[in-house]
Amino acid sequence: MNRSITQWVQMLLAVLLTVSFAVAQNITVTVTMSPRPAPHMNSWKTRQETVIMTIGNANGAMVQAKIRARLLRDGDLVAQTKDASMPVVSFPVGMSLYHAD
């Protein structure tokens with residue numbers, strides 16, 4: 001694996017997903033990344049297998065939240081979502097899959 005891909009892998013492994021729920025104990029978040037991601041984040045949108053986020057909602061009712069994500073490389077912030085512009089997402093009961101788009 002070349003150096004830039006390795007850096008992106010390390011950075012993605014340091015992703016901090018903060019999903020704010022009133023009932024967080026009934027929500028699970030799993031992030032899965034391809035072992036060989038494209039070296040440029042802008043291509044992740046067209047390669048949906050690069051990053052998959054699974055949300056499990058066992059709350060018994062639909063939950064609404066905003067997703068906050070931050071990418072770090074060597075402990076330094078590289079990119080982050082803009083909270084004010086992030087849409088409110090509705091998570092139905094059960095499992096939901098989201099990609100890097």
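The accessible surface of the protein chain comes to about 6,500 Å², and 54% of that surface belongs to carbon and sulfur atoms; such areas come from the Shrake-Rupley method with a 1.4 Å probe, and for residues only the protein chains shown count as cover. This is a predicted model, in which local features need pLDDT of at least 70 and side-chain atom pairs count only at pLDDT 80 or more, while totals for chains, interfaces and linings use all residues. Residues are numbered from 1 along each chain as its sequence is written, and side-chain values use heavy atoms, with hydrogens and water left out.

**Overall make-up**

- The protein chain holds 1 helix and 8 strands, where helices (H or I, at least four residues) and strands (E, at least two) are DSSP runs numbered from the N terminus.
- From the N terminus on, the order of the elements is α-β-β-β-β-β-β-β-β.
- Of the 101 residues of the protein chain, 31% count as buried, a word that means under 20% relative accessible area, whereas exposed means over 50% and partly exposed lies in between (1.4 Å probe, protein chains only).

**The open sheet**

- An open sheet is formed by 3 strands in the order β2-β3-β8, with antiparallel pairing; two strands pair if DSSP finds at least two bridges between them.
- Because β2 (27–33) and β8 (94–99) each have a single partner strand, they stand at the edges, and one side of each is left without a neighbour in the sheet.
- Strand β3 (residues 51–57) pairs with β8 in the antiparallel sense over 6 bridges, and the bridge partner of I55 in β8 is S96.

**The nonpolar core**

- The largest nonpolar core has 8 residues, namely I27, M53, I55, V63, A65, I67, V89 and F91; such a core is a set of buried Ala, Val, Leu, Ile, Met, Phe, Trp, Tyr and Cys residues joined through side-chain atoms within 4.5 Å.
- Two or more residues of this core come from each of β3, β4 (63–65) and β7 (89–91).
- Leaving aside its neighbours within four places in sequence, I55 is in contact (heavy atoms within 4.5 Å) with residues including I27, F91, S96 and Y98.

**The aromatic pair**

- A search of the whole structure finds 1 aromatic pair, and since the rings of F91 and Y98 have their centres 5.7 Å apart and their planes at 85°, the pair is edge-to-face.
- Rings of Phe, Tyr and Trp (its six-membered ring) pair if their centres lie within 6.5 Å, and planes under 30 degrees apart count as stacked, over 60 as edge-to-face and the rest as tilted.
- F91 counts as buried at 0% relative accessibility, whereas Y98, with a relative accessible area of 25%, is partly exposed.
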